[in-house]
Number of protein chains: 2
Amino acid sequence: MIDQLVQGIKKTSAPICVGLDPQMSFIPDTIKVRVFNEYGETLEAAGEILWQFNKAIIDAVCDLIPAVKPQVAMYEQFGIPGLQAFWKTIDYCKSKNLIVIGDVKRGDIGSTSAAYAAAHLGRVMAGDREYAAFDEDFCTVNPYLGTDGVQPFLKVCDDEDKGIFILVKTSNPSSGEFQDQLVLVPSGEADAAERLRLAEDREMTLRRLVKDMDKEEQKKFGFTLRPLYELVGEKVAEWASNPRLIGESGYSEVGAVVGATYPEMGKTLRKIMPKSFILVPGYGAQGGTGDDLVPFFNKDGLGAIVNSSRGIIAAYKKEEYAEKFGEDGFADAARAAVKDMKKDIHQALEKG
Amino acid sequence: MIDQLVQGIKKTSAPICVGLDPQMSFIPDTIKVRVFNEYGETLEAAGEILWQFNKAIIDAVCDLIPAVKPQVAMYEQFGIPGLQAFWKTIDYCKSKNLIVIGDVKRGDIGSTSAAYAAAHLGRVMAGDREYAAFDEDFCTVNPYLGTDGVQPFLKVCDDEDKGIFILVKTSNPSSGEFQDQLVLVPSGEADAAERLRLAEDREMTLRRLVKDMDKEEQKKFGFTLRPLYELVGEKVAEWASNPRLIGESGYSEVGAVVGATYPEMGKTLRKIMPKSFILVPGYGAQGGTGDDLVPFFNKDGLGAIVNSSRGIIAAYKKEEYAEKFGEDGFADAARAAVKDMKKDIHQALEKG
């Protein structure tokens, strides 16, 4: 699946993914009034509204981009009818040759992760018949439970030619609370006791470790202090390096999520995970700029796909598009916003 | 909602939660054959099978226990019909006065977590009408994204008298990969530079920090080395201490998940989170024993609720119940297994 994503990016020259996260407040009143009149003020109506809005957006942008990223929470909150709209959206995007990244952030202990992997990327059996439930092309995965929670997703990627993006450093303001914690990591070949002896012999005080010692020197001492997200990134790189998961493009089915809001960390993580595509949220509404995106890309202009949700699907509410397109022109405004985003990224990559 | 859970535990003398995680392989052939004959081999049939199985289990055990914990992944894998069975199960459990803990492990950036919180604990608007989508009483939450991902759940707990259990130390074998990492934590009042100076002045080598220094001494130096799960536990304690979220029982709507498979860590975390109930998975099939559960409880016999899924709902497959109950007696076997689990826990608590 990663090869299809790479082809799509090359074909459209757009390393862009449109986030289909339709909050009700983003949706024009004309749609809402029409559907509520027809269906009553029901959850079914809410689902239908999400679907009609998405369809118009998809029709307007599908030739410009390789991929979309529906955020399941926005559908799940409307219960079964909401999830029907999620399913219908996925199905329609695929009929338009868009790659679908289900932003589901699932993750659990092994047997349960296997069920999530089946739900979103794989198949289930009903008696002797096989079905795919939601059947996204990629999905996002939460790594907090460790390898045995991720393994079932890796297996499905292999079996079904699908891909995943694992949360490494998220775009939100509090992401550092746990993800940036400095972890004392043993390094090198020595065992724990030997490492401690070495550290003591060389009078490695904490000040030196934290402040004055560069990474190479830390390694010699047998310990390094590293933020948690780097460790997670290294695990991603390990999972991604399985030759069965590497496509003809040289990229792996196992990618990572790193927020545009943390470009310095993106630079480090780009190096740590050479085979992984990085899904970059946080551009636009969350504060990430075109220039911030440069470190996430490789020199070939590949290796990253940038998501924008609100900035595209609710573009018609922004001053720069509002006057030209108005509320009824929300889909055309989304199209214009995709073109502007593409220009912004190309300019930044040419400069950077 | 925490007060209702405490009342339920007192009334049944059972700090027990039955995990409704019906894997197809747990379900007797008689149910599967009957339903597949009626509905064909469809996802609808799969959903109906989960539901019929659950209903029989619920009817058999509902007077013995205060709470159930349906694992959404097991339903989600069957798509919309599976999620309909999840909804129906929740609704039926509530009609039987069981408290429902939705094991959904959701967590995302702020605005998205708000949608998840609405989906599982809160309400949404369709026009001017309010609906509750899945309407569990509690749900589980993944903390990897930090405070702004948890905050929307806390708000819904306050608004709707609901509760959450936040993943702190999970029961699976790989849980230590990230959760046990030793984190260098500044402590005390001094600022970072001052702490480093102090550490250097006292020749605090790493060996001393890691091996020879006890926690009190570490604190004096301005740094401690702590596993990540303790940090997460401390955040849980902070979130839980909001007086608006503390019930008449003295416990908070904000609880934690800590696996029975790690009783030593449970002991530490029990102290770190005095106001939080601990939801303890991993008993039985995953290897946790009655004795392992003791450290999770407070002296009043409260403070923890122990989950068993496979050990109860698939009890009829275990030697000790198979002969007596047979496949058709799966619900009675579940009832017997609940009674045995209750006895096991009471014996352990009396000893411990």
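Me: Is B:Arg270 buried or exposed?
Reply: B:Arg270 is buried, because its relative accessible area is 6% and the cut-off for buried is under 20%. Bear in mind that this is a predicted model.

Me: Which helix is B:Arg270 in?
Reply: B:Arg270 sits in helix 13 of chain B, which covers residues 263-272.

Me: And what does B:Arg270 touch, leaving out residues up to four places away in sequence?
Reply: With those left out, B:Arg270 touches B:Ser276, B:Ile278, B:Pro295, B:Phe296, B:Phe297, B:Asn298 and B:Gly303.

Me: Switching to chain A. Where does A:Ile166 lie?
Reply: A:Ile166 belongs to strand 7 of chain A, residues 163-169.

Me: Buried or exposed, that A:Ile166?
Reply: Buried: the relative accessible area of A:Ile166 is 0%.

Me: How far is A:Asn142 from A:Ile166 in space?
Reply: The C-alpha atoms of A:Ile166 and A:Asn142 are 6.0 Å apart, while the two residues are 24 apart in sequence.

Me: What about chain A overall: how many helices and strands?
Reply: Chain A has 17 helices and 12 strands. Of its 352 residues, 62% are buried.

Me: What share of its contacts join residues at least 24 apart?
Reply: It is 72%, taken among contacts between residues at least 6 apart in sequence.

Me: And how much accessible surface does chain A have?
Reply: About 13300 Å², and carbon and sulfur atoms account for 47% of that.

Me: Now charges. Which residues form the negative surface patch?
Reply: The patch consists of A:Glu319, A:Glu320, A:Glu323 and A:Asp340.

Me: Which helix gives the most to the negative patch?
Reply: Helix 16 of chain A, residues 319-325, gives the most, with three residues. A:Asp340 is in helix 17 of chain A, which runs over residues 330-351.

Me: Why does A:Asp340 count as partly exposed?
Reply: Because its relative accessibility is 34%, and partly exposed covers what falls between the buried limit of 20% and the exposed limit of 50%.

Methods: Residues are numbered from 1 along each chain as its sequence is written. Chains are lettered from A and ligands numbered from 1 in the order in which they are written. This is a predicted model: local features need pLDDT of at least 70, side-chain atom pairs count only at pLDDT 80 or more; totals for chains, interfaces and linings use all residues. Side-chain values use heavy atoms; hydrogens and water are left out. Patches are made of residues with over 30% relative accessible area and no salt bridge: like charges are joined within 9 Å, nonpolar side chains (Val, Leu, Ile, Met, Phe, Trp, Tyr) within 5 Å. Accessible areas come from the Shrake-Rupley method with a 1.4 Å probe; for residues, only the protein chains shown count as cover. A salt bridge is a side-chain nitrogen of Lys or Arg within 4 Å of a carboxyl oxygen of Asp or Glu. Lys and Arg count as positive and Asp and Glu as negative; His and the chain ends are not counted. The place of a charge is taken as NZ of Lys, CZ of Arg, CG of Asp or CD of Glu. Helices (H or I, at least four residues) and strands (E, at least two) are DSSP runs, numbered from the N terminus. Buried means under 20% relative accessible area, exposed over 50%, partly exposed in between (1.4 Å probe, protein chains only). Contact means heavy atoms within 4.5 Å.
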